[in-house]
Amino acid sequence: MIGLIMTRFAVIYYSSTGSVHDLAEAYAAGAEEAGAEVRLRRVAELVPHEIVEANEAWRDHLEVTADIPTADIKDLIWADGFALGTPTRFGQPASQLKQFIDSASAAWSAGHLAGKPASGFTSAHERHGGHEATLLALYHTFCHWGSIIVPTGYENYDVAHAAGGNPYGVSSIGSEGAPGLAVLEQARYQGHRLAMLARTMKDSRVEAA
């Protein structure tokens, strides 16, 4: 435990074949290293069963991650900070994550998502397949929620450079296989950083109360 009250952090993601899942686990590990209580959650699959079954990698990944709880908007309300992850779909977040986001209206209107540090992570098959566009599209939501967007920037410069130099958020290139060590290290660093920011802001609110 760090600080007066345990910081709570949520990592919520969608992954079809595993790359975004690997990033999500690295974010969660980094947040835990910062002393946070972490909820790792995957959003529900929307694609028909027969389509998933026709893709071996997709089917296998769903089976391997079946024990990870399905995300609920209550997880966002519970958290002091959060990271959302998605593969890129034509430069946009995947529909599975978007459906989850679209169900957050009540939490948003009640102010439960405002003032919380938030960031995004993604994966695209191609090097220029929409990484930055997807993250920026995700950040439109954070603006509406009133969350505090925390991009990766280049604070962790050597690792950020080795991970591809994306200043908007952590991203991986699917055509190169599973996320490499530098990308996972950057995700872990960003998870730690977000949790520390969430802790600082939470402690400040407690002190001001």
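Before I go on, please note that the model is a predicted one.

The partner of Lys98 is Asp102: the two form a salt bridge in which the closest N and O atoms are 2.8 Å apart. Asp102 is likewise partly exposed, its relative accessible area being 47%. Both residues belong to helix α5 and are separated by four residues, about one turn of the helix. In general, an α-helix has 3.6 residues a turn, so residues three or four places apart point the same way.

How many salt bridges does the structure hold? The count is nine. Let me turn to Asp75 and Arg41, whose closest N and O atoms lie 3.8 Å apart in a salt bridge. Asp75 sits in helix α4 and Arg41 in strand β2, residues 37-42, so this pair ties together parts that are 34 residues apart in sequence. Are these two residues buried or exposed? Asp75 counts as buried, at 5% relative accessibility, and Arg41 is buried as well, with a relative accessible area of 17%. Through shared partners, salt bridges join Arg39, Arg41 and Asp75 into one network.

A further salt bridge links Arg59 with Asp60, with 3.4 Å between the closest N and O atoms. Here Arg59 counts as partly exposed at 23% relative accessibility, and Asp60 counts as partly exposed at 29%.

As for Leu97, its contacts beyond four places in sequence are Ile12, Tyr14, Val43, Leu84, Gly85, Thr86 and Leu138.

Finally, helix α7 itself. Its buried residues include His131, Leu135, Leu138, Phe142 and Trp145. At 1.5 Å a residue, the 15 residues of α7 should span 21 Å, and the end C-alpha atoms are 22 Å apart, which agrees. Just after α7, Gly146 adopts a positive phi of about 80°.

Key: Residues numbered from 1 in each chain as written. Predicted model: local features only at pLDDT ≥ 70, side-chain atom pairs only at ≥ 80, totals over all residues. Heavy atoms only, no water. Contact = heavy atoms within 4.5 Å. Helix = DSSP H or I, 4+ residues; strand = E, 2+ residues; numbered from the N terminus. Expected span 1.5 Å × (residues − 1). Buried < 20%, exposed > 50% of the residue type's maximum accessible area, 1.4 Å probe, protein only. Salt bridge = Lys/Arg side-chain N within 4 Å of Asp/Glu carboxyl O.
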